[in-house]
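Dear colleague,

Please find below the structure that I am handing over to you.

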Amino acid sequence: MGLTRKGLLRPLSAAVAMAATTVLVAGAAAAPVDVDPVDVASAPGAAAAPASAPAPRADLAHHGHVSLWGDRIAIRIRSENRGPSDVTASTVRLRFSAPLAASQELPYGCLRGGKATVLCETGGLRSAGGARQTALDLTLAGSPDEVVVRLDTVWSGGARDTDRTNDGHEVLAPATGDAYAF
């Protein structure tokens with residue numbers, strides 16, 4: 001499986017492909033449209049570390065801001081790893097309380113995971129190294145007065161995240177055009 005853009009094929013990990021599987025439900029305006037997908041760590045066929053080798057530890061963190069105006073939503077994400085181990089790659093999931101427009105131009109390394117979900121690879125994140133930036137400018141299917149955006153890590157390259165409080169966020173973005181931080 002991979003993303004095709006201008007004739008280039010970039011392979012995506014099996015974990016990203018599995019994380020893209022969602023169950024859609026009719027949700028209220030304040031709740032995200034997509035429901036959490038399968039737990040990647042316990043998915044059938046997921047590689048498990050040998051009992052004698054503990055999983056490396058990492059601390060992934062995502063911060064940034066969300067802006068909503070009309071039918072447009074912009075998200076800027078800064079992903080970093082506070083260590084102690086390096087992460088070969090990770091995937092961040094964004095879920096929206098309003099469905100996205102059917103036609104969408106996504107940045108390289110991102111794919112749709114449902115009517116209101118986008119998944120983006122962060123690439124490798126060195127322990128206490130530089131952060132990776134992800135910028136999304138999306139179109140919604142309508143022009144809501146507000147959108148709830150949920151952001152979380154769905155895959156951490158096999159590393160065990162020692163602090164899950166800084167890689168999952170929920171932000172209410174009113175349609176003011178202002179930037180709301182997470």
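Of the 182 residues of the protein, 44% are buried, where buried means under 20% relative accessible area with a 1.4 Å probe, protein chains only. The accessible surface, computed by the Shrake-Rupley method with a 1.4 Å probe, is about 9,100 Å², and carbon and sulfur atoms hold 55% of that.

This is a predicted model, in which local features need pLDDT of at least 70 and side-chain atom pairs count only at pLDDT 80 or more, while totals for chains, interfaces and linings use all residues. Residues are numbered from 1 along each chain as its sequence is written, and side-chain values use heavy atoms, without hydrogens and water.

The protein contains one helix and 15 strands; these are DSSP runs, numbered from the N terminus, of at least four residues for helices (H or I) and at least two for strands (E). Two strands pair if DSSP finds at least two bridges between them.

Four strands form an open sheet in the order S11-S7-S6-S15, with antiparallel pairing. Strand S11 (132-139) and strand S15 (179-181) are its edge strands, each pairing on one side only. Within this sheet, ten bridges link S6 (residues 60-69) and S7 (residues 72-81) in the antiparallel sense, and tryptophan 69 stands opposite arginine 72 in S7.

Elsewhere, strands S9 (residues 110-114) and S10 (residues 117-121) run antiparallel and are joined by four bridges. A hairpin of two residues leads from S9 to S10, and arginine 112 has valine 118 in S10 as its bridge partner.

Yours sincerely

How values were computed. Buried < 20%, exposed > 50% of the residue type's maximum accessible area, 1.4 Å probe, protein only.
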